[in-house]
Structure formats: C-alpha cells, structure tokens
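Work through the exercises below with the sequence and the model in view. Each task is followed by a solution in steps.

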Amino acid sequence: MGDVKSPQAAYQKRKYAKRKAEGLCPGCGKPAPAGCTYCGECNEKKKAVWRARYARRVSERKCIRCGKPLPEGRKQLYCFYCGIREAEREREKYAARKALREKSQGDLRDISGVTQG
Ligand SMILES: [Zn+2]
Ligand SMILES: [Zn+2]
C-alpha cells in the first residue's frame, strides 16, 4: 500500500487532486458543475467506458465490480466478496431511505398529532 509505481502515476494523481480541489474536472480541467467531480462531457465518457467494461465483464463471466472470474454456476454478477460489499451498500441505501421516510412521516405526525391523545 502506498508505494508509487511510476513518477507519471504520481504526477497524474497530483494533477487529479489539484483539479478536484479547485472544482475543475480532473479529466479535462474544465470547470465541473457544483457537486460533481467531472464535467458533463467527461462524465458521459466515463459512463460509456463503465458500460463497455460492464458488458465485457458480463459476457466474460467476470465480477462487474473487481473483474475477478466468477466461479462456475454463480448467478450473481459479483464475486463472493463484492456481493457482500454490494449487499451492505444496498442495505445502507435502504436504511437511509427508510430513515428519510420515517422522518417525513414523523413531521406529519407532529402536525396532526396535536388533537390526539
Ligand atoms: Zn471534463
Ligand atoms: Zn468482485
């Protein structure tokens, strides 16, 4: 961990961090929209790359997350470990949604609950 493979990689990493800190797209250096790391153009490019990789990995029966070959007979698109990570992420997402829903319902209850009890 932490060892730099080539000066080029270190330079790329520094450039990326600098642009990101300045609110510029790390891909092309143009200003990125607020709240976004990449500009729209680079975002689309990245998405296209991601989609192509996804399609290739699915057709090659590899984990779409890390690219490891999937064991024979595994129906999921993730390897064992990535499957666990993804399930955790889904659970967190679900919990966050649920908390948000309960919060808004709680707000409603605060208003209507005045006449009750
Ligand atoms: Zn860009
Ligand atoms: Zn994986």
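**Exercise 1.** Is Glu22 buried or exposed, and why?

Solution. This is a predicted model, in which local features need pLDDT of at least 70, side-chain atom pairs count only at pLDDT 80 or more, and totals for chains, interfaces and linings use all residues. Residues are numbered from 1 along each chain as its sequence is written, while chains are lettered from A and ligands numbered from 1 in the order in which they are written.
- Take the cut-offs: buried needs 20 or more other C-beta atoms within 10 Å of the residue's own, exposed 12 or fewer, partly exposed lies in between, with C-beta atoms placed from the backbone.
- Glu22 has 11 other C-beta atoms within 10 Å, so Glu22 is exposed.
- Glu22 sits in the loop between helix 1 (7–21) and helix 2; helices (H or I, at least four residues) and strands (E, at least two) are DSSP runs numbered from the N terminus.

**Exercise 2.** Describe the secondary structure and burial of the chain.

Solution.
- The chain has 3 helices and 0 strands, in the order α-α-α.
- Of its 117 residues, 7% are buried.

**Exercise 3.** Examine helix 2.

Solution.
- Helix 2 counts 20 residues and spans 28 Å from first to last C-alpha, close to the expected 28 Å (1.5 Å times one less than the number of residues).
- The number of buried residues in helix 2 is 0, so helix 2 lies largely in the open.
- Arg61, which follows helix 2, has a positive phi, near 60°.

**Exercise 4.** State the confidence of the model.

Solution.
- pLDDT is the predictor's confidence in each residue, from 0 to 100.
- The chain averages 88, and 87% of the residues score at least 70.
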